Amino acid sequence: MMNKVTEKLGIEKPIIQGPLFWLTNAEMVAAVSNAGGMGTLGINAGQYPIDTSESHNQTFENMQKEIRKTKALTKKPFGINLIFTPDPDKGAFTGRMIELMAKEKVAAAVIYAAKPISRWFNKLRDNGIKIIYRPATPTKEIVEASVQMGADVIVATGFDEGGTVPDKAVGTFSAVPYVVDIVNGRIPVMAAGGIVDARTAKAAFALGADGIFAGTAFLATEESPMADNIKQAVIENDAYDEVLFSAEPKYYRSLPGELPNRLVRLTDEGKSKEEVWHTANAYRGMHDGMIDGDLSKGYASLGLGISFIHQIDPIDKVVDRIYSGVPEEQR
């Protein structure tokens, strides 16, 4: 029995590394792909300093460079992140990115969006690019729409994840079988949120997942561009140490620190999501906290799987650790 994810994507192991904004680069992504999974370049991959991301043209040019760097480091499939938006200007940027993917022969698009958009799904399919769709919150209507629009793989994300967590506080091991039942075998389902080792991977497969979509697991690695002090903090803290605050669009969690603790206080005081997000300095705060390692002006958003990360390992060891939880019949 061949694994549905590996068959669909042409990879060896049913493991995808999440895009992670700035927290990816060619070296990290190539390492995941070379280890048998699928690495994914975040929309701001390797983009330092952050100021360059404020220009669409600069972001586009940087992505082209990062794609070519990745191709020089691996001959195996990898993907890039696409973020759908109804904004016309950003929509034009999405079209350019798809054309770049086709030109550079990038294998897959990892799409994070509240809803699938047929215009972009069609353009991706027309260019032979695989569609890995991760809905922000995997409701029945959104999951069904993504299947009907032609997604190749869907990711069931639970509240256990890092980054921008889903609108609903539904844990990963409730979200996965929910999505599996909706899809009913039509396309592969990957599990995301809190999965970092063999035990958590085995549990996801027991609930019907066909693969693992992981972010936090790849941040505490030798190849990760995350700040060394934040890597060390991942080892020293666990899920019960993390703090949760409400900001646009809904929730974020972080390692504790001066700014994250302030964001929690603002949330507890009933401040609006907009005000808290402004105080967090939006996504730039994630860059300041996780790339620069400064939790006085940034935050470090990680999933609940940090409880099971106890050392900094090379990426191939992390891939093997997760893969050891894949059932024999799914290999």
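In what order do the eight strands of the open sheet lie, and is their pairing parallel or antiparallel? In this predicted model, the order is 1-9-8-6-5-4-3-2 and the pairing is parallel. Strand 1 (15-17) and strand 2 (39-41) are the edge strands, each pairing on one side only. From one strand to the next, the twist averages 30°.

**Strand 6 and its partners**

Strand 6 (residues 153-157) runs parallel to strand 8 (residues 189-192), and four bridges join the two. In this pairing V155 stands opposite M190 of strand 8. Strand 6 also pairs in the parallel sense with strand 5 (residues 130-135), over two bridges. Here the bridge partner of Y133 is I154 in strand 6.

Strand 6 is mostly covered, with five of its five residues buried. V153, V155 and T157 point one way from the strand, whereas I154 and A156 point the other way, and all are buried.

Helix 2 (residues 26-34) lies across strand 1, strand 2 and strand 3 (78-83), and runs at about 155° to strand 2. Two packed helices are described by the angle between their axes and the distance between the axes. The table gives these values for two pairs.

| Helix pair | Axes come within | Crossing angle |
|---|---|---|
| Helix 2 and helix 3 (residues 56-73) | 9 Å | roughly 40° |
| Helix 6 (residues 140-148) and helix 7 (residues 172-183) | 10 Å | roughly 45° |

The axes of helix 2 and helix 3 cross at roughly 40°, which means that helix 2 is oblique to helix 3. Helix 2 passes helix 3 in a right-handed crossing. On the side of helix 2 the contact involves A26, E27, V29, A30 and N34, which meet E66, K69, T70 and L73 in helix 3. By class, the residues of this contact divide into four nonpolar, two polar and three charged.

For helix 6 and helix 7, the crossing angle is roughly 45°, and helix 6 is therefore oblique to helix 7. The crossing of helix 6 and helix 7 is right-handed. K140, V143, E144 and V147 of helix 6 make the contact with Y178, V179, I182 and V183 of helix 7. This contact has six nonpolar residues, no polar residues and two charged residues.

Three strands form an open sheet in the order 7-11-10, with antiparallel pairing. Strand 7 (164-165) and strand 10 (243-246) each have a single partner strand, so one side of each is left without a neighbour in the sheet. Two bridges connect strand 7 with strand 11 (residues 251-254) in the antiparallel sense, and T164 stands opposite Y252 in strand 11. Helix 10 (residues 258-268) packs on this sheet, where it touches strand 10 and strand 11, and its direction makes about 50° with that of strand 10.

**D316 in helix 13**

Is D316 buried, partly exposed or exposed? D316 lies in helix 13 (residues 315-323) and counts as partly exposed because its relative accessibility is 43%. D316 and K76 are 240 residues apart in sequence, and their C-alpha atoms are 14 Å apart in space.

Definitions and conventions:
Residues numbered from 1 in each chain as written. Predicted model: local features only at pLDDT ≥ 70, side-chain atom pairs only at ≥ 80, totals over all residues. Heavy atoms only, no water. Axes fitted to C-alpha atoms, helices over the stretch in contact; angles between N-to-C directions. Parallel < 35°, antiparallel > 145°, perpendicular 65-115°, else oblique. Left-handed = near helix turned anticlockwise from the far one by under 90°. Contact = heavy atoms within 4.5 Å. Nonpolar A, V, L, I, M, F, W, Y, C, P; charged D, E, K, R; others polar. Pairing = 2+ DSSP bridges. Buried < 20%, exposed > 50% of the residue type's maximum accessible area, 1.4 Å probe, protein only.
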